Amino acid sequence: MSKRYVSFVLGTGRYCVPVDEVIQILRPDGILPVPKAPPFVAGAITLRGDVIPVVNLTSRLSRDADSGTSASRARIIIIRAGSRMCGLSVDEVREIVDIDETKIQEDPTGALGTHADFILGVAQQGQSLLAILDLPRVLSAGRNLQGASPV
Amino acid sequence: MGATILIADDLSFMRMIQKEILMERGYTVVGEASDGIEAVNKFQTLNPDLILLDITMPNMNGLEAMRRIFSINPKARVIMCSALGQQNLIVEAIRAGVKDFIVKPFKPERILSAIEKALKAS
Amino acid sequence: MPGSAWTEDERLRRAFLEEGDELVQKLGESLSALEADPGSHDLVHEVFRLTHSLKSESALMGHASLSGLAHAMEDVLESVRGGELALAADVLEKLVAGADRLALMMGEISRGERDADSDPSDVVQDLRALIGSRRGTGDEATDGPPARGNGAGPHGGAAEGVAPAEPVFGAQEVSRLAEARERGESLFRVTVTVATDEPMKFARAFLVFNNFEQSANVIRAIPAMDGEPADDASYARTVFYLTSAPDDETLRAAARVDQIAMVETARLEFPSAGSIGRPLQEHYRADAGPIASDRGRGPGPAGPPVEKTTIRVDARRLDDLWRFVAELVLHKSHVSRLSDGVARGMDADSIREELMVSSDSLEKISSGMQQAMRDTRSIPISIIFSKFPRLVRDLSRKLGKPVDLVMSGQETEIDRSIVEALSDPLTHIIRNALDHGLEFPEERVRLGKPERGRIAVSARRQGGTIVIELADDGRGLDTERIRQKAIDLGIPDAASLGEADLRELVFRPGFSTKEVVTDLSGRGVGMDVVATRIRNDLRGTVELASETGKGTRVVLRLPFTLTIVNSLLVEDGGHLYAIPLGDLDSTSKVSAGDIVLQEQGEAGPWMEELIPLYSIGGLLGGERTPREEYFAVVLRHGASRGLLVVEELIEEREMVIRPIDDLLNTRRLFSGVSVLDDGRLVFILDTSFIRRDNF
């Protein structure tokens, strides 16, 4: 019943995505500019010939940028969602954790605030609360979602 | 009370036989029609659970009547009656949505089992 | 196979012989095993499977009597499986005799003798006698008189004895089957027996057919369901091949209409390459020219090796092309009539209107032709897969590692141009799996695994992508040892790399040297070469998945075709864009003073008239950068024209187009993206916007 997740840091929060969806973890080098992408898209990277969008998670989740972590720890997590591939820029990749699916609950304290839309649920992990990302929603280009509105 | 059935056939003798078979089994024959136009009109006013529709009828044939009946009620239960040699017409009726058919001359069991199955199917 | 001059028929023949040999040999082995252990259901199933494969493959190749014999054996085994026939010594003996005869016949075929030389009807008769068949001979002709349930037991044993030979599916059916499989449906054979006293058997069967069509996709009905039935009685027993998502209970319910005496359903395997009915009658000589020509300056993308030989094409595909050619001719004469009309002073409005219509049709025709042409270029991947049984058998003998090879999706079509480039990497991966992935039998037994290793190879189409998977049940990759090796080699961050990153290391040149790999008990001899081939030459992806001790899976994803488009490269606002030459009329210059603002937007001069004018900034929701003079590209889409002003025209070049993710294309302005040799991105413009605004 438990599933493995890659946990990472974003500002003061901790998040995770299923290990199975993770293809690779890269340093944030070589992000290429893209004309008039939505504000939460940092650009694109090329990986083995594919051109993959990189989502700036800090902006996507409307978190305040928090420079608590050193820039040298910043990474891009390449994930697969359905037939798409996408990069998520994060402040730091932490570790692989096992989460018992029965322990996943809806945001109990409301601590997630405005970006709850992008979160499937949270799980207590030691001292901290780990939020599990809802990847399809994070990656949706829909205009009704914040950050994706046309200029 | 048993299910309500409308019989459409141009031969009164045929209607009589069918009626007897049905009533014996406890069905209610709510009406009879001797041509296609009458069949459609009576279907509309009587709203029977099922209609036995002969293919060869004057004024409006059974196929045309069937189409109009389906346009009144797409879920109508229609059983086509046909003579041997009208297979292509039956196939056309099946394409249009008819759920069963019987071929004349028929044995009483045939018509009863066809009606029973048609009524059971939603 | 470089420089191979085999015709496709010859390739197929060889593939059949190799596989047939293999099957016959395995059949012998399995039968011996069965003699030792007659109670084994698995072995019965295995033997059944082998005869079944032999039956379908030989039927496809036109070896009717061989197929008939295999069919007779299959029927006997079916009865054994169904519990109607006990696997007594005499039954086994007849089966062994059948297998021996099959081997003999295969030998004759491979020596080029006609298979009719060895008439197997004596053996077939013996086999038929075992299940009390109504058929005297094993001829694989069309079904004989339909079986009637004449009191042969409550389940009508009569009909069960004659399990129909699975039909050979045509190209269209195969593609419908492939689609169904993609949708996750199953393939069923439903045999419907009409009550004997039903006077209209065809109509009765048609009623069931009509019901099936509500919840399933009928691939084929035997006898066929279209048109007037020639012989009503032949529908007494109608066999449907259909695909359906729901279970067979739903199918049974659909067939549960009055006057249906019996319904039998069987879930079937989707047909293997063996049953692709490709009547390759037509033959045409084509230059099979490379999609990528070498025009233009610069290195350009190195195209993969391209076969330049005579190719055989399915006649139906040529028919498609002919259809387009016919339409083309029609429109050509229409256009010439119009030009006559101009000479006769026909009014401009109607000429304009008719031209637009023709132009739109021509657009449709040309894209249709492109598609049809692409289809003629595709070929089932079995052309590569068919080499594997022999490769695996030879290696398995040499290494002393018994292994079962399981293949599926051989019918998946790939572009001819990538056959050669793909063949080597796949061979390499299989070789590695045997060499390094699979353990020796003793070790496997010690680990509690089956003694025989297993290698599974599959292919499928997923949208515009071909997915090929090669999996073994060997020892898998030891990622911790890879990590150790990475640390030793001084690879940065090695200590903190994730599983996927570690697996990716295997593709690194230098990392996967023989000595390292053997040591790591993983794969990798030349995995860097495999990766280069797939990623660079074929523009695909390679991924490794592995569980230590359980096995390794290599997943390749390849674009169905390499879409290479000749385009004009332009620059604007610091980004590169490309306009496919097909959408380009000409280039010119426009000075700022000539741009006028009209009700619908800006317009600029072209050939004495004003046409809509666009800028990339404007299309992206911003504004046109003010300049004195612009370069302008005249775009065309159907009869519409539009001016696109840009800062720089760079050059014409060929570009390999990759799909673009929605997140990078929120304005739907691009049809794809391309990567230049220096790593910069080029966005391919979808010029259909000029049409949206124009008319």
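At roughly what angle do the axes of helix 2 (residues 36–46) of chain B and helix 3 (residues 62–72) of chain B cross, and within what distance do they come? They cross at roughly 20 degrees and come within 9 Å. Keep in mind that this is a predicted model.

- As for handedness, helix 2 of chain B and helix 3 of chain B make a right-handed crossing.
- On the helix 2 side of chain B, the residues that meet helix 3 are B:Gly36, B:Ala39, B:Val40, B:Phe43 and B:Gln44.
- Their partners in helix 3 of chain B are B:Gly62, B:Glu64, B:Ala65, B:Arg68, B:Ile69 and B:Ile72.
- Sorted by class, this helix-helix contact has 6 nonpolar, 3 polar and 2 charged residues.

**Where chain B touches chain C**

- Here 13 residues of chain B are in contact with 10 residues of chain C.
- On the chain B side, the elements giving two or more residues are helix 4 (87–96), strand 5 (100–104) and helix 5 (108–120).
- Helix 4 of chain B gives the most to that side, with 6 residues.

**Where chain C touches chain A**

- Chain C puts 25 residues into this contact and chain A puts in 27 residues.
- Over on the chain C side, helix 17 (499–505), strand 25 (670–675) and strand 26 (681–685) are the elements that give two or more residues.
- Helix 17 of chain C has the largest share of that side, at 3 residues.

**What chain A is built from**

- Chain A has 2 helices and 10 strands.
- Read from the N terminus, the order of elements in chain A is β-β-β-β-β-α-β-β-β-β-β-α.
- Chain A has 151 residues, and 38% of them count as buried.
- Among chain A contacts with a separation of 6 or more, 56% come from residues 24 or more positions apart.

Key. Residues numbered from 1 in each chain as written. Chains lettered and ligands numbered in written order. Predicted model: local features only at pLDDT ≥ 70, side-chain atom pairs only at ≥ 80, totals over all residues. Contact = placed C-beta atoms within 7 Å. Helix = DSSP H or I, 4+ residues; strand = E, 2+ residues; numbered from the N terminus. Buried ≥ 20, exposed ≤ 12 C-beta atoms within 10 Å, placed from the backbone. Axes fitted to C-alpha atoms, helices over the stretch in contact; angles between N-to-C directions. Left-handed = near helix turned anticlockwise from the far one by under 90°. Nonpolar A, V, L, I, M, F, W, Y, C, P; charged D, E, K, R; others polar.
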